[in-house]
There are 4 protein chains.
Amino acid sequence: MLHEYFPEVTKPIEYEGPQSDNPLAFKVYDPQKKVGAKTMAQHLRFAVAYWHTFRGTGSDMFGGGAFERPWQSASDPMERAGDTLRAAFEFFQKLGVDYYCFHDRDIAPEGSDFAESCRNLEEIVSQAKVLQEETGKKLLWGTANLFSHPMYTHGAGSNPDAHVFAHAMAQVKHALDATAELGGENYVFWGGREGYETLLNTDYRHEQEQLARFFHYAIDYKKEIGFEGQFLIEPKPAEPAKHQYDHDAATVLSFLREFDLLDHFKLNIEANHATLAGHTFHHDLTVAAAAGKLGSIDANQGDLQLGWDTDQFPTNLYDAIYAMLVVLEQGGIGSGGLNFDAKARRGSIRTIDLFHAHIGGMDTFAKGLVIAHKIKVDGKLDEFVKDRYSSYSSGFGEKIMHGKVSLEEMEKWIGEHGDPTPRSGRQELLENIVNSYIFPG
Amino acid sequence: MLHEYFPEVTKPIEYEGPQSDNPLAFKVYDPQKKVGAKTMAQHLRFAVAYWHTFRGTGSDMFGGGAFERPWQSASDPMERAGDTLRAAFEFFQKLGVDYYCFHDRDIAPEGSDFAESCRNLEEIVSQAKVLQEETGKKLLWGTANLFSHPMYTHGAGSNPDAHVFAHAMAQVKHALDATAELGGENYVFWGGREGYETLLNTDYRHEQEQLARFFHYAIDYKKEIGFEGQFLIEPKPAEPAKHQYDHDAATVLSFLREFDLLDHFKLNIEANHATLAGHTFHHDLTVAAAAGKLGSIDANQGDLQLGWDTDQFPTNLYDAIYAMLVVLEQGGIGSGGLNFDAKARRGSIRTIDLFHAHIGGMDTFAKGLVIAHKIKVDGKLDEFVKDRYSSYSSGFGEKIMHGKVSLEEMEKWIGEHGDPTPRSGRQELLENIVNSYIFPG
Amino acid sequence: MLHEYFPEVTKPIEYEGPQSDNPLAFKVYDPQKKVGAKTMAQHLRFAVAYWHTFRGTGSDMFGGGAFERPWQSASDPMERAGDTLRAAFEFFQKLGVDYYCFHDRDIAPEGSDFAESCRNLEEIVSQAKVLQEETGKKLLWGTANLFSHPMYTHGAGSNPDAHVFAHAMAQVKHALDATAELGGENYVFWGGREGYETLLNTDYRHEQEQLARFFHYAIDYKKEIGFEGQFLIEPKPAEPAKHQYDHDAATVLSFLREFDLLDHFKLNIEANHATLAGHTFHHDLTVAAAAGKLGSIDANQGDLQLGWDTDQFPTNLYDAIYAMLVVLEQGGIGSGGLNFDAKARRGSIRTIDLFHAHIGGMDTFAKGLVIAHKIKVDGKLDEFVKDRYSSYSSGFGEKIMHGKVSLEEMEKWIGEHGDPTPRSGRQELLENIVNSYIFPG
Amino acid sequence: MLHEYFPEVTKPIEYEGPQSDNPLAFKVYDPQKKVGAKTMAQHLRFAVAYWHTFRGTGSDMFGGGAFERPWQSASDPMERAGDTLRAAFEFFQKLGVDYYCFHDRDIAPEGSDFAESCRNLEEIVSQAKVLQEETGKKLLWGTANLFSHPMYTHGAGSNPDAHVFAHAMAQVKHALDATAELGGENYVFWGGREGYETLLNTDYRHEQEQLARFFHYAIDYKKEIGFEGQFLIEPKPAEPAKHQYDHDAATVLSFLREFDLLDHFKLNIEANHATLAGHTFHHDLTVAAAAGKLGSIDANQGDLQLGWDTDQFPTNLYDAIYAMLVVLEQGGIGSGGLNFDAKARRGSIRTIDLFHAHIGGMDTFAKGLVIAHKIKVDGKLDEFVKDRYSSYSSGFGEKIMHGKVSLEEMEKWIGEHGDPTPRSGRQELLENIVNSYIFPG
C-alpha cells in the first residue's frame, strides 16, 4: 500500500478467539470457519458502507464535522476522491471484508454541470475497477444519491417537476452503468425524499404513479445494458421526509404489486428503518422473506428510544440471532449481504474507532449466525411451531385450509365437537430456550 | 318510550347555533342544513358504537367498571340485553343520529354453548328489527367479536388450531346473517388478535394464508345469502396483539392484492388506529382513498403521546377538516359513515356525559365539513396542487409520464436544459390558508 | 402441602447448570453460589408479585380472563383468598424464592364496607403470618391498592374530593399495619391514578400539595407504629392516568426535595416504567443511585415498540447486566430486592407457564449478576471512566471543580493553552467489551 | 434601508383583519389592540430566532444547504456577518416584531483562535447596538453556542475534560458581556450536549456536579458585571445527545433544587422540546408556572409522529390557547417573550416564505391570546375547577389539608360517613366548551 491511512493497524485483523483481549482481533468471526455447509464469510457477506465510513464527518443537526480524515485533506475534489478510494481499499483489506457499497456521489464529486459529474464518476469507477482487481474486493451494490442535492428536496421520481424527474433518471442511468461496470451484484433504491412533508401540497396518487414510472424506466434500462444484478428497494418510514412512500416491507410490497413491479425487485431491509416504522427488525425481515423478497440487509442498529436513524453499529446479539434465523430459514442471503450502514458515534473521532465499530458488528453477527445455526440444527423451536399448526395438515383442518368446507359444515362440526380447548403459546419457555444458547458463556 | 334511561334529556338534542351555551344543544350540526348538494346528515352519516356507549363500563387495566348504567342492572342476561337495546334506541332518538354499529356479542350474551349463543343473537336481532322499524334508525355495520373469548387468544382466522378457525367462521356466519337481517349497509372485519405476540411461536406465512382463506369463505357466504352490504377491513397496528396483520391501510391493501381479495373489500379507517401506526389520520384516509377503497370511518381521536387506543371522542377541528377534505374529494363516504368508536373517559361516569361526548364529536365534524366544503369551493388549495404538477400535463413531462422517453433522451434533454430550478413547496403559506378558515370566529 | 396446586412440579426447582435442557431447572441461578462476598440469593433477593402471579387472569382491554386457576375456584371470597394464599406459598417453596410482595386488595377481598375490608385483610394477614413462619418466606414489601376502586378514578391522595383523600389514608393505615405485622422490609407507594386526564379540570399545584400532605401523614403514622421498613416511591409516567405525577426518577426526586420528604423515601425503579418514560432502565437506576435513593427494583421488561406497560418477565441479558452494574456499584440493593412485577402472556394459560416465566427471569438476572461482577472485578470499564475525568482531579481542573477559578482566569488560561484536543469517547470499543463477556458461550 | 434584502415586501406587514386574503397581512395580530389591560404586543413579546431565520440553510441529515440567502453571499466572514445583521434588522422592521434572540456564533464568526472569536463578537455587537438604537428593536435573550464546535462533542460544562470546561466558561463570559451590552432582558442556557451518549463511558454524578459548578460560575460573573437580565434554562430530553440532563421542566427543577440554584433561574419552555419529552406543551408550561418559574417560551411546534426536533412554526390554535391560558393565569410572561425557535421547511426556499412562516405563528398566538382571554373573563372553566376542589376549603377537608387530622380520625370519619360518592370529571363537556370559543367562525 502506497499510503497508509490506517498506520495504527499494522496487519490485517485476525480471529483470535473469545479469550483474546486484543481489541483489534475478532473474538468470534473466523472467515473460513464452516457453519454448516458454508463458511462464515459465505454466510455473512459483510460489506462496508462507503458514505459513513469514508465520507462521514460526525456532523449532526447541531454541529458540523468532528472527524479529521487524512484522506479528505486534498484541496482538489478529484484528488480527494482518489485518496478516499485508496483509503477505502486499504480499510477493506485490513478489516478483511469482501464487499463494499456506494452512492454515486460518495465516490465521485459533483461537477459544475451534470456532464462533468458523469465524467467524474466514470474516472473514479475506472480507478475502483483497478483496485477491485488488485485486491479481489467486490461491489455488493451501487446506488444513486437522489436526496442530497437541493433539486431533490421535493423528491426525485416523485418530484412535482418533470424536469427533476428527468434529471433523476439520467443520474440513475449513470449509477447503473457504474454499478454494472464494477460487477455490482445488486442495485439499491432508497427513496429518502420520495414522500411528502405535508399533504396540503401533495397529489399522493400522482406521485405514486410517477414512482411506478420511475421504476419501470430503470427496469427498461437494466435490460438494455444487460445488467444482471438484483434490484432492491430499501424501506424507511420517514426522515428526511415527514412520510416516505417506501414506509416498510409491507407498504413496498403493496406498491410493487399494484404497479406490476413485483417480479423485478427484492427488498433491502435495514434494522434501524424497521424499528423506526414501529416494527422489530425480525418482523420486517420475516415479512420480506415470506414474500420471497428478502434480498439483502443493512446491518445496523437503532436506539428504540430515539426517533431518528441513529445508524449505530450492530452489537445486540438477540437481533443478530433473529436476523440469522430468518436468513438461514430462507437458505441464505443469496446475492445480497450484510452491509454495515452504520456510523461511528460523533464522539468516536479516531480512525481506529472505525475498526472497533466494524469488528464489533462482525463479531455480533458471527455469534448470531453460530447460535441461529445451532437452533436450526437442534430443531426444538421449529418443531414446536410445526406441531402448533399441525391441525391444518390433516382431516377437517386440512379440508378447511383448502377451501373445501362450507360455513354450514363448520357450524355443524362445532355443534358436534364443542368449543376448542385453549393451548398455551409457551412464549416464556421459548424465550428461555433462546437464552439457553446465550447463557453458557 | 316505556322506560326512560336518559331522563335528564327531556327532548331531542337540537341545533341552537354557535352562540348557545346550552351544553345539550348542537352549536354547528344542523342535520337538514345543506352543505353543497347534500344535507349535513347525508354527508356525515353519524353512527353510535354500541360497545362503548351501551356496554362500556369505564374499566381499564388498573380498575374494573366505574359506570353505573341502569340498563345493565337486570340479573338475567337476556333481559339485560333487551333493556340495553331499548336504552340504545332511546339514545339514538334523543341524540338524533340515524345509524348504529355492533358486534354480535355486544347486543346478545354468550350462551352456554355455541347454539345457545346463536339463539340469543337471533332473539335480540328480532327485537332490534322491530325497534329499527319503529324509529327509522339503521344499522351502519355489524361484525363478529372474534377477540374477547379466551379461545381467540391466539387469533381467530389466524389461529394455529383449525378448531378455532371453524368456530370463528361459524360465528361470522351468524353475524353476517344478523347484519343482513337488520339491513346493515356494511360488514366490518377488525382482526384484533389476528397477529402475533412473538415470532418465536409463529408461522407468519401460514397465518397469512389462513387469513386469506378466512376472507374467501366469508365472501362465499356473503354471496350465498345475497348480502349486498360492503365488506370492510379495519386496520390497526397492535393492541391487543403485539403485532396485528392489518397494520395500516397500505399493509391491508398489500394483503388484499396478494390474495386476490381486492375487489371484495374496502377499508374502515379509524383515526386512533392510524395514529398508533405512526401515520396521521389524514394519511391513512388518503392512502385508502387513492386506491378507491375508503369505505367508512371510525371517527375518534387518540392521544399522540399515549401508546394505546384511547378511543377519545373527536374534538380536534384540524383532523376533522382534513378528514372531510378527503371524503369530499372522493365524492362522499358512500355506504359508509362516521362511526364514533369512542368512549367517555373513565372519570365521565354519568349517562349525561354520553350526550356531551357525542354532541362534541358531531359538532366537530360538522364544523370540519363546513370548512372543508369552503376550501373545496374556494379552490385555492386545489389550484396550488394542480399547478404544482402541471409540468407532467404537456410536452416533455407528459411524454415522460406516459413512458415514452428513454433514459438516453432524458440525459440529452438535461444536457440541453441544465439543472432544474428549485421551487418552494409553500407549506407555511398553505397552513396559514387553512387557519384563515378557522380564525374568523 | 395439603393441596397441591402445582402438581406438575413434583419437587423444588434446582440448579442443573447451563447444559441441562430441563425447562424446570435453573441453568444459571444457584442460590448458595458465591459471587464475590455474597451468595446469589443474597445479591438478588428475588420476590414474586402476588397480583400478577396469583390474581392475574390474562385479561386485557379486549378480552376477559383467560387463565383457569384452581385456587380461584371457591365461591366464597374469603375461602378463595385463603386458597390463593396457600397456592402462593406452595409456589414460593417450589420455585425457591424467599420474598413476595402484595397490595392489600390482592390478598384479601373488598368487603361490603370499609370496616369489613379491614377485617378481611387482618384475617388473611394472620394466615400469612403462620405460613411465613412455617416456610421461612418473607414479605419484601406491602402496599395499598389505591387505583382499582371507582372512588379512586380521579386519584387517591390527589383526588379533588377530600372524602376520597380520607378514605385513601385510612386504607394506607391498614396496609401499613399489615405490612408491619408481616415484617415487611419496605412499603411501596405507586401512584397509578395520582395524575390527571386533562389539565382542563385540574389544579396541578393543589394536587401536588395534597400529595405532599398525603406522604407526610404516612410518615407520621409509620413513626407512630414504629414501622422500620423503608418507604419507596415507584415512578411511572402514565397509564392508567394520561399523566402521572411520579413520572420518572428525576421528577419524584424533585417532588421529594420541594416538599421536604427526601429523607423519608427511596425509589423502587421498574424497568418497564423507566422505558415508558423514554429512559433506559439503566438510566433511571443510575439517576436513583446517584441520589443515594435506589431502594428496590421491579424486575420486568417492556416492549419498546408498544406504548403500554406490558410487564413481561425479564429475559434480556443486556438490561440485567446494566442493572446489576448499578446495584453492585452502590454496594447492593440493601433492604430492597428484585420483584418480578411481570405477568405471563395472555396466551401462556397454564400454571406451568408461571414456572417457566420466573425461572427465565431468575436465570437472566443471575447471569447478569455474574457478568456484572466480572466486569467490576476486571475493572476495565471503571478504569476507562476514571481516566476520562482525571483532569478534574489535580491542577487547574481540580481548582475549577472546587469553584476557585474566576472566569477571567479561565479565559486567560485558554489564551495560554489554546483550544482543547478532542478525545474519542470510545463507545464502540466499550460496547465490544461488554459483548466480550457474553460471547464466549 | 441601504440594501433591501426583502424587496418583495415593500412595506411593513399590517393588520388587515380576518377577511383579508393578502398573505402578507396579519389576520388577527394587531399590535396595538388591547386585550384586557395590555396590548397584543405587550402580551406576546414576539422574538425572531437569529439562527433559524438568518443563518438557517435548510440543510438536514440527508442534504446540505438548500436556501440561497443574499445576505450570506460575501466571501469575507465578517462582511457576511454585517450583511446578515442588516438583513435581520430589515426583517424585524418589515415584520413588526420588537425582539430577537441569538447565540454568540450566530451573529459573529468563529475566529482562528478564541481571542479572535471574541473580537469578532465584540465588533458585531457594536454594530447591533447601533441598529437597535436606530430601530428600537431589542434583545430578548442572548446565549453561547456550546454545542456546535467539535470540542463540545462530549459536553461543555459536563465535559470530562476540564480544558473544555474552561473554554466553555470563557465563552459564556463573552456571551454574557455581549448580552449585557445589548440590554438583553434574559440569558438562556440550553445544554444541547450536556448529557451522554452511553452510560458506559459516563460518570453521571460527576457530570451533574460539574454542571452545578458551571452554573454557579455563571451566577458569580453575572453579579460581577451587574447584569440584571433573567437566567433561563431550556429543557430538552435528547438530540443531539442520547440523553440530555435538562430533560424536562421537572428534571431541571430537581437539579436546581439539589444544587442550590433555584433562586437564580427560571425556565424557557419550548413546545417541541416538551413534546419530545412525552409531555404536552401545556404540561411543561404548567409545571414551570406551578413552581413560579415560567420565564419565557420558545413558540414553535413539533410533529408528534416524528422523533426529532422539527422546529416548525406554530400553527395549532389549540396549543396556542392552552399556552396563553397558563401565561394569563400567571399574570403575563414577565421579562420573557414568545421566541419563534422555528424554521421554514427545507422546501420553503424563498425569503418570502420567512414572512409567511412568522405571520402564521404570530396570528396563531394572537388568536390563542384572544380566546384564552375570553375564557378567563367568562370564568366557566376556572369556576368548574375551583368548585371541584372546594371540599378542601372548609370543614374536615380543610383540616386534612393543613395536616391536623390523624389517620385514626380519618378512619373513624369514614366509618361514620361511608364511601365517597364518585363525581364526573366532565372532560368531554370541558373540551366542548373550549371548542365553543373556536367554532363560531
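**Figure 1. Pairing of strands β10, β12 and β13 in chain C of the predicted model**. Phe231(C) stands opposite Phe265(C), a residue of β12(C). Strand β10 (residues 230–233) of chain C runs parallel to β12(C), and three bridges join them. Strand β13 (residues 294–298) of chain C pairs with β12(C) over four bridges, also in the parallel sense; here Asn268(C) is opposite Ser296(C) of β13(C). Strands count as paired if DSSP finds at least two bridges between them; helices (H or I, at least four residues) and strands (E, at least two) are DSSP runs, numbered from the N terminus. In this predicted model, local features need pLDDT of at least 70 and side-chain atom pairs count only at pLDDT 80 or more, whereas totals for chains, interfaces and linings use all residues. Residues are numbered from 1 along each chain as its sequence is written, and chains are lettered from A and ligands numbered from 1 in the order in which they are written.

**Figure 2. The two faces of strand β12 of chain C**. Phe265(C), Leu267(C) and Ile269(C) point one way from β12(C), and Lys266(C), Asn268(C) and Glu270(C) point the other way. In a regular strand the side chains alternate between the two faces of the sheet. Six of the six residues of β12 (residues 265–270) of chain C are buried, so the strand is largely enclosed by the rest of the structure. A residue is buried if 20 or more other C-beta atoms, placed from the backbone, lie within 10 Å of its own; 12 or fewer make it exposed, and counts in between partly exposed.

**Figure 3. Helix α8 of chain C and its packing partners**. Eight of the 10 residues of α8 (residues 249–258) of chain C are buried, so this helix is largely enclosed by the rest of the structure. Among them are Val252(C), Leu253(C), Phe255(C) and Leu256(C). The buried residues of α8(C) pack against β10, β12 and α10 (281–290) of chain C, together with α8 (249–258) of chain D. Asp260(C), which follows α8(C), has a positive phi, near 60 degrees.

**Figure 4. The contact between chains D and A**. Chain D is superposed on chain A by a rotation of 180 degrees with 0.0 Å of shift along its axis (RMSD 0.0 Å), the relation of a two-fold axis. The C-alpha of Gly307(D) is the nearest to the axis in chain D, at 1.8 Å. The same surface serves both copies, as 100% of the contact residues of chain D recur in chain A. Superposition is by least squares on the C-alpha atoms of residues with pLDDT of at least 70 in both copies. The contact takes 24 residues from each of chain D and chain A; residues are in contact if their C-beta atoms, placed from the backbone, lie within 7 Å.

Terms used: Two residues are in contact if their C-beta atoms, placed from the backbone, lie within 7 Å.
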